[in-house]
Protein chains: 4
Amino acid sequence: MARIGFIGLGRMGLPMARNLMKTGHDLKAFDVADGPVATLAGEGATRTASAGEVAKGVDCLITMLPEGRHTLDVYGRSGVLDAASVGTLIIDCSSIDLESARQAHTLAADAGFAMLDAPVSGGVGGAVGGTLTFMCGGSADAFARASPILQGMGRRIVYCGAAGAGQAVKMCNQIMAATSMAIAAEALVLAERLGIDPKIFHEVITASSGGSWIMQNYPPVAGLAPNAAANNAFAPGFTTALMLKDVKIFEAAAQAAGVPSPVGAAATQLYQILHDQGAAGLDYSSVIELLRGRASRTPAAETRP
Amino acid sequence: MARIGFIGLGRMGLPMARNLMKTGHDLKAFDVADGPVATLAGEGATRTASAGEVAKGVDCLITMLPEGRHTLDVYGRSGVLDAASVGTLIIDCSSIDLESARQAHTLAADAGFAMLDAPVSGGVGGAVGGTLTFMCGGSADAFARASPILQGMGRRIVYCGAAGAGQAVKMCNQIMAATSMAIAAEALVLAERLGIDPKIFHEVITASSGGSWIMQNYPPVAGLAPNAAANNAFAPGFTTALMLKDVKIFEAAAQAAGVPSPVGAAATQLYQILHDQGAAGLDYSSVIELLRGRASRTPAAETRP
Amino acid sequence: MARIGFIGLGRMGLPMARNLMKTGHDLKAFDVADGPVATLAGEGATRTASAGEVAKGVDCLITMLPEGRHTLDVYGRSGVLDAASVGTLIIDCSSIDLESARQAHTLAADAGFAMLDAPVSGGVGGAVGGTLTFMCGGSADAFARASPILQGMGRRIVYCGAAGAGQAVKMCNQIMAATSMAIAAEALVLAERLGIDPKIFHEVITASSGGSWIMQNYPPVAGLAPNAAANNAFAPGFTTALMLKDVKIFEAAAQAAGVPSPVGAAATQLYQILHDQGAAGLDYSSVIELLRGRASRTPAAETRP
Amino acid sequence: MARIGFIGLGRMGLPMARNLMKTGHDLKAFDVADGPVATLAGEGATRTASAGEVAKGVDCLITMLPEGRHTLDVYGRSGVLDAASVGTLIIDCSSIDLESARQAHTLAADAGFAMLDAPVSGGVGGAVGGTLTFMCGGSADAFARASPILQGMGRRIVYCGAAGAGQAVKMCNQIMAATSMAIAAEALVLAERLGIDPKIFHEVITASSGGSWIMQNYPPVAGLAPNAAANNAFAPGFTTALMLKDVKIFEAAAQAAGVPSPVGAAATQLYQILHDQGAAGLDYSSVIELLRGRASRTPAAETRP
């Protein structure tokens, strides 16, 4: 079993770290918030006073942070790369923009460390249940070393390619999911207006060329699939704010690469409007409410990040 | 077995009519082109000299035509509704715009006939193999009478609701498929630029929330799925011209109903540009070539309808 | 002076008819609403009981109606073309879709009448002040005959080309104005967020390549131009509902002609969303409120047409 | 007269520097390319071997560079801020992204220098003729000091607000111009298809609510305005590549600020497609050719930047 440093104990990071401990790893943990650090310490983790301290004497350092600037802050100013021992494996599980991911790889490489970008899919449920998918980018060697550790937190550990490839595949998945949701919502609202029974609609489309994972498992209409946020007044699930962050990451990467993305851009703009209408804290499937011309339900004050 | 009149023996209609004959029905057939009528007559169908004549003395009259105006011409000026006997069941299998479908239902109802709109999915392969899906709109009684006949041409016969509901569900499926293709292409081109192996990409996305029927079975990159047009230099399959027709039907219906469709509209515009760049006769998955910045491959002269 | 029949006495038609009377024409008037007919009769017009009756014994028949179906109803079922004398000039001042305009021309021509489509710009203010612009489509002869009459209601009478050309130019102007408004609003909201003084912004852009009639004369921010609806909490002016109708006319014509319109389509979708959020009865410059993430101000119940 | 250092002698920078010399300023110049430095030295400028050297002993340091990273390189790694004397005024005339502009201001401020972002409009013609517009962001004091110098190169020197405000207004102007061009082109292509004479179209729209600076002065159809690139087979003028860069800057800023930009995003995507179809080196008004379904005219090999 390995000694693992873990930075970032949010809604995803805390259960991920916990699963690593259950697997038998020694854990040192840090977060800017004291609460989750204390919680984890109560379960056996070593508490540390700073990000830098976490990195000392561990075999592997894992970060799970909100945005690219946070990863870069930890790799840069916080001093973790100075504090880490030679040979420490660096894994960033955050979902961040490609440019930051590349800079993070450069920082790690310049400091002599092997690094993997390893964003996840599966949400809080997957983090708690240890069933996440990890999309990994970096050297084959780093992937080989990371795999047994990541298996303590997930079910599918996929090698996507060189540095940044994990983030690349993740952002592509997100724009595809967001677009599937948007077009499913547009079609469902039209079908509603035309008097089509949504159950019949769901049954036909799910078996046809218009089908998608979203339509089958997470449709924006209640009563069609057991786990859909639509069943629960759009309580997330995955918030509009988070999906908006992810689709913007895709659009920024597409613009930087000079790849046209007219459909993805239209979806991104739709989620921006949805977000600004007060649905930031609702599940992103609430986009159907915007298309129905209904006011969204969470007060703007609560939901603007 | 029934006496069936069949109008419209194109790439879809001819094999559909043939399957009805194989099932044991008596067939009278008409098309503006002599060739397919002669072909079918050679296989045992009764040849007729006009659309009106087809309608005489049949139990059921089926049309399979390119656009709404053709269906309306047949129901209106051609005189088939005058020629048909009381009790003839009218089925329109064409994929047409909602407004025309509604007018067709009105024409049929005014003339005293039960009618079903029953557009299909499954393409030429499904028409030949008798494995089409029929999406049906009309009275429950008309559906009950039509089902045994449609089963001679298809595998799934689905009741979608009242008059026009078949067209409604069909158009929704098409915009969802077209959008799935467009966003899959956008994501795949970005992934290519970023050096991701398309096979890995396909494998990951297919099992994730970004997955779709299109991504799994009909991706726009060669070598990922056995039946994709991308494997064969975008020979159709389903042409850009036909998909453009279908997505415009959705957009027109959404605009008429006052339903926003920003993502569907962006996809529609992308296929219009693709079409105009010379890809009308290529499979619609050739949209990936446009996104790659490559010239399309069919000369405009051949492909403009 | 001419004997003129006038059908459609709404917010535009009533003052237009009044101006014709002031010019010295004899007027027969009809509307489905009794109020404006009575008003006009009180000012000297001949009151009629039906649309058909208006057409009897006039030199020129003018319609000013909301949508294409109304023009077609008047030309078709109402019997005006049967009632009109040989040589009556037919002018439709309604802003309608191209397909309906063409059908109206065909109905008129089939009945032996010269017709002009002559939609206007200038709004209620222009109708009252007699300063409208008329964009005219039809034969040069019909235009020559219509010009002196139209000059009683407007300042600029422009010949745009053959049948439908007036509607074509009108719809192009509307999509350009709607798009100018939308992009001005997007830019102004970003400028606001970045702390730019809107007056400086207005001054710079108005003199630069990004300038537009809208930005100069009708910007969506208060205090920049004297006649902007933004100065008056977005009281119309020109409602979102009317602008949405107009941009849909453009989009339908572009789709029918096979012309890509990705930017116009995006603007159209934005106004559909704005409309559905409750701004149908507000000026269309209220699109800036949607982009600011603010709830619109008119209750949906009042504004849905 | 002032001692001025000038870095970046491209198609814009060289004539700008020349105009400063004509005004009587002492000029030190640097560029990564030797040619323009030699040219300017031949006209009386002091030649320097490095960017750092330019900054020594000048009152004012001006940069005119392609992208944000170049400005940041000059301010950062090149050592100019170390080399500059206390009190040197720093002016960046490059059109760059907002994030880089802010970083540049921070670098300058941290080193103790007053700085102005002062991007220009007016193109090569304005640079040669000394008729540029400068949009300036920074302290009022920096603006006051810079104005007399900038007047040597331009006609309108506008104070837009605090640090970054010049870039903000510039990017807004660019997205508005690009969108005006796109919608003018969409409307003109539809008008062409419908048989409208472009001269009539131009005359009507120019005087109506759909009018814009672009439509009036730089329309994408030949023969309508004297200086339009359309008159000369779309020889630039302002290239698609440069316009694409500018609209991406707007979109990035809007996304960072959380401002929806559905219309601007659609225009941006259209220019990306145009660029990738081989029109990077053509004037951006060549977007009309894409909408007409015509192949663009410059080989991709020459035009990809």
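Analyst: Gladly! One term first: a contact means heavy atoms within 4.5 Å. Please keep in mind that this is a predicted model.

User: How does the radius of gyration of chain A relate to the globule rule?

Analyst: Chain A folds into 15 helices and nine strands. For its 305 residues the globule rule gives 19 Å, and the computed value is close to that, so chain A is as compact as a globular protein of that length. The radius of gyration is 20 Å.

User: What percentage of the residues of chain A counts as buried?

Analyst: Buried here means under 20% relative accessible area. Over the 305 residues of chain A, the share that passes is 63%.

User: How are chain A and chain B related?

Analyst: Chain B superposes on chain A by a rotation of 180 degrees, with 0.0 Å of shift along the axis and an RMSD of 0.0 Å. The two copies are thus related as by a two-fold rotation axis.

User: And which residue of chain B comes closest to the rotation axis?

Analyst: The copies meet through the same surface, because 100% of the interface residues of chain B are also interface residues in chain A. As for the axis, the closest C-alpha of chain B lies 1.9 Å from it, and it belongs to Ser212(B).

Notes:
Residues numbered from 1 in each chain as written. Chains lettered and ligands numbered in written order. Predicted model: local features only at pLDDT ≥ 70, side-chain atom pairs only at ≥ 80, totals over all residues. Heavy atoms only, no water. Helix = DSSP H or I, 4+ residues; strand = E, 2+ residues; numbered from the N terminus. Rg over C-alpha atoms; globule rule 2.2 N^0.38 Å. Buried < 20%, exposed > 50% of the residue type's maximum accessible area, 1.4 Å probe, protein only. Least-squares fit on C-alpha atoms with pLDDT ≥ 70 in both.
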